[in-house]
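Me: I've got a structure here and want to go through it with you. Can we take it one question at a time?

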Amino acid sequence: MEISNDSSIKKPKRLTSVVWNHFERVRKADICYAVCLHCNKKLSGSSNSGTTHLRNHLMRCLKRSNYDVSQLLAAKRMKKDSSGGLANISFDEGQRKDEFKSAIVKYDPDQRRDEVVTIASSKFDQERSRNDLARMIILHGYPLSIVEHVGFKVFVKNVQPLFEVLPNRTIELACMEIYEKEKEKIFETINRLQGRINVSVEMWSSPENMDYLCLTAHYIDEDWKLQKKLLNFITLDSSHTDDMLSDVIIKCLMDWDIDCKLFSLTFDDFSTNDEIIRRINEHISKKRPLLSNGRLFDVCSAAHTMNAIAEDVIEALREITQKIRASFKYIRSSQVIQGRFNEMAHQVGITSQKILVPDSPGQWNSTYFMLETAIEYKAAFNLLHEHDPDYASPLTVLEWEWTTNVAGYLKLFVEIMNIFSSNKTPTANIYFPEICDVHIQLIAWCKSSDNFLSSLASRIKAKFDKYWSKCSLALAVAAVLDPRFKMKLVEYYYSQIYGSTAMDRVKEVSSGIKELYDAYSIRFTSVDQGSALPGSGLPGTSNDSRDRLKGFDKFLHETSQGQNVMSDLDKYLEEPVFPRNCDFNILNWWNVHTPRYPILSRMARDVIGTPMSSIGPKMAFSTGGRVLDRCRSSLSPDTRQALICAQDWLRLELEDPRPLSSAPYIPFLLGTD
């Protein structure tokens, strides 16, 4: 549609399309032309021709300046439908506002996140686009090699021909720059905290049998919101031995400058070498004595303990579960057998609609569901055994009895794991009643008259007792700081667990929480003897140097020390428990009651923020460890840590509505999204 040059007569008609910012419309006789302002080429300017050919010309015009026509067109289209405010969206917070073209965007609060259209600057910026690409790769876990994919190159070239496709190494450096900037922000945030920090330690592996150490900080911020920040993802080479893990952990803590404000360390394996804990304790105690003589410092993941016990239970029933799998496979081997089995189920009065599905490798809860289904069809299986000589995997009467009892054990563990993994704010107070229920059930199971069941119960109780001896005090203290329970819940459960010696155990918890409170009280007093003395900043007094009552504040504080004043802890424990209801939020409660319990609230912030479990919903029932995919495991150690940590930070920065789990979001597990 290109037209040769000719003289022209301008027509003073107002044109509405944004494309006409790059063309001048002229008329000669009865013919309209569109003259490109960049190369002076003439094209058809008739209203019947539309503007598509003009836009296509701009996309390939060699003399056109750096304007992104597609963005201008998008802005123009959105302007027609809009009635909202300005869109000024960019990954780069430091971007100058005067570089933006105003674009009107209609805001829809219900609009899906992936449907939001971002209108950036109309002037193309290679550097900013490079940073946006790096953030996209980090945020969504894309491989760095995406910049070398042919499909990606074609897409980018069509969207913005001016964008210079970056090599793999360049985009890797851009990702590292973002990691360093975000790390500074996290460092400042953590070190501004008035309270202490809890850290969870998790072990990862890769298909190549490499080991990794993941450290995550957990804390309750000044607004009483439970927060977590991934700190490190360390690659452990073959030279690392178990006794060297303590040095690695200590170095990470020192790099973040939190070794002196650490409250607890949560390990994902309750069999962690005690020597590792001792060395870390020793290092931290040199700078600052551990609270409660370190009895609250070493915490084991409750979820990992439950998983380990459940796996032991399933292993004990291995021969029976193999028979059940074979039975399911036999019935599903042909439609004839399936039909015959369904008729038998109907004949014996079974109304269950469950399908005979074998369990999935690596998910122990699926084994429980398989056992439950088999128990419901028990009568049909027995009838099949009587009438089908080819059925070779029947269970004996005793084996059915064992299966029924073991399924009852597993049901308890499934219910508890669902509670642990589904809680959106996994504060430490939720674990004590669940763990106590397990303890009580184990005591009952050990009393079974069946040797197989009692022997199994004794083995798993021995494993549980090791966890209980290490973590029971931390669990109980967190429960006491729940205003719905206080000491009453400890008394209730300990009477069932310990019987005649229950009161001695209750006194141990009472002494432990009193000792912890005293440590916080001493620290609170030493901090507040300066400008933060109790009673300072009274209404109607000046905060400047002319405040004549500052001396009175000091006098009041000193003379009150010898008086018999009820402490925060005593006052809290003597008051009635808060009514239990499903809408209760312990963080909101302590936020509201902080002025009433100034010292105890500081202690509660650190205790309740302790991660009693370090497992997320996707791994709740996994029988294997965390495995990194080949894409991330093939990266260099520094790049791997940068991408994984920065992704966690960017997701928090964008206020992702994903529920808060006790483990950081790392989408690089094999077999996950």
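Me: Is Arg632 buried or exposed?
Reply: Keep in mind that this is a predicted model. Arg632 belongs to helix α22, residues 630-633. The cut-off for buried is under 20% relative accessible area, and Arg632 has 2%, so Arg632 is buried.

Me: How far apart are the C-alpha atoms of Ile138 and Gln647?
Reply: Ile138 is in helix α3, which covers residues 126-140, and its 2% relative accessibility makes it buried. Beyond its neighbours up to four places away, Ile138 touches Cys175, Ile178, Leu643, Ala646, Gln647 and Leu650. Ile138 and Gln647 are 509 residues apart along the chain, yet their C-alpha atoms are separated by 5.3 Å.

Me: Zooming out, what share of contacts between residues at least 6 apart in sequence join residues at least 24 apart?
Reply: The protein has 23 helices and 11 strands. Of its 673 residues, 47% count as buried. For those contacts between residues at least 6 apart, the share joining residues at least 24 apart is 69%.

Me: Which residues is Phe381 in contact with, leaving aside neighbours within four places in sequence?
Reply: As background, nonpolar side chains tend to be buried together in soluble globular proteins. The contacts of Phe381 are Ser327, Phe328, Ile331, Phe341, Leu356, Ala374, Tyr391 and Trp400.

Me: Are α14 and α15 roughly parallel or antiparallel?
Reply: Helix α14 covers residues 431-445, and its axis runs 9 Å from that of α15 at an angle of about 155°. Their crossing is left-handed, and the contact includes Phe432 and Leu442 of α14 along with Phe464 and Trp468 of α15. Angles over 145 degrees count as roughly antiparallel, so α14 and α15 are roughly antiparallel.

Me: What is the handedness of the crossing of α6 and α7?
Reply: Helix α6 (residues 245-255) and helix α7 (residues 274-287) pack at about 35°, with axes 9 Å apart. Leu245, Ser246, Ile249, Ile250 and Met254 from α6 meet Ile276, Arg279, Ile280 and His283 from α7. The crossing of α6 and α7 is right-handed.

Me: Staying in α7, is Asn281 buried or exposed?
Reply: Asn281 is part of helix α7. Buried means under 20%, and Asn281 comes in at 19% relative accessible area, so Asn281 is buried.

Me: Which residue's side chain is joined to that of Asn198 by a polar contact of 2.6 Å?
Reply: Asn198 sits in strand β6, residues 197-205, and at 0% relative accessibility Asn198 is buried. A polar atom of its side chain also lies 3.4 Å from the backbone oxygen of Asp606. The side-chain partner at 2.6 Å is Ser264.

Me: Where is Asp257, whose phi is positive?
Reply: Phi of Asp257 is near 60°, a positive value in a residue other than glycine. Asp257 counts as partly exposed, at 38% relative accessibility. Its place is the loop between α6 and β9.

Me: Is Asn40 buried or exposed?
Reply: Asn40 lies in the loop between β4 and β5, with a positive phi near 65°. Exposed means over 50%, and Asn40 reaches 52% relative accessibility, so Asn40 is exposed.

Notes
Residues are numbered from 1 along each chain as its sequence is written. This is a predicted model: local features need pLDDT of at least 70, side-chain atom pairs count only at pLDDT 80 or more; totals for chains, interfaces and linings use all residues. Side-chain values use heavy atoms; hydrogens and water are left out. Contact means heavy atoms within 4.5 Å. Helices (H or I, at least four residues) and strands (E, at least two) are DSSP runs, numbered from the N terminus. Buried means under 20% relative accessible area, exposed over 50%, partly exposed in between (1.4 Å probe, protein chains only). A polar contact is a pair of N or O atoms within 3.5 Å; within protein, one must be able to donate a hydrogen and the other to accept it, and residues adjacent in sequence count only if both atoms are side-chain atoms. Axes are lines fitted to C-alpha atoms, for helices over the stretch in contact, and angles run from 0 to 180 degrees between N-to-C directions. Angles under 35 degrees count as roughly parallel, over 145 as roughly antiparallel, 65 to 115 as roughly perpendicular and the rest as oblique. A crossing is left-handed if the near helix is turned anticlockwise from the far one by less than a right angle, and right-handed if clockwise.
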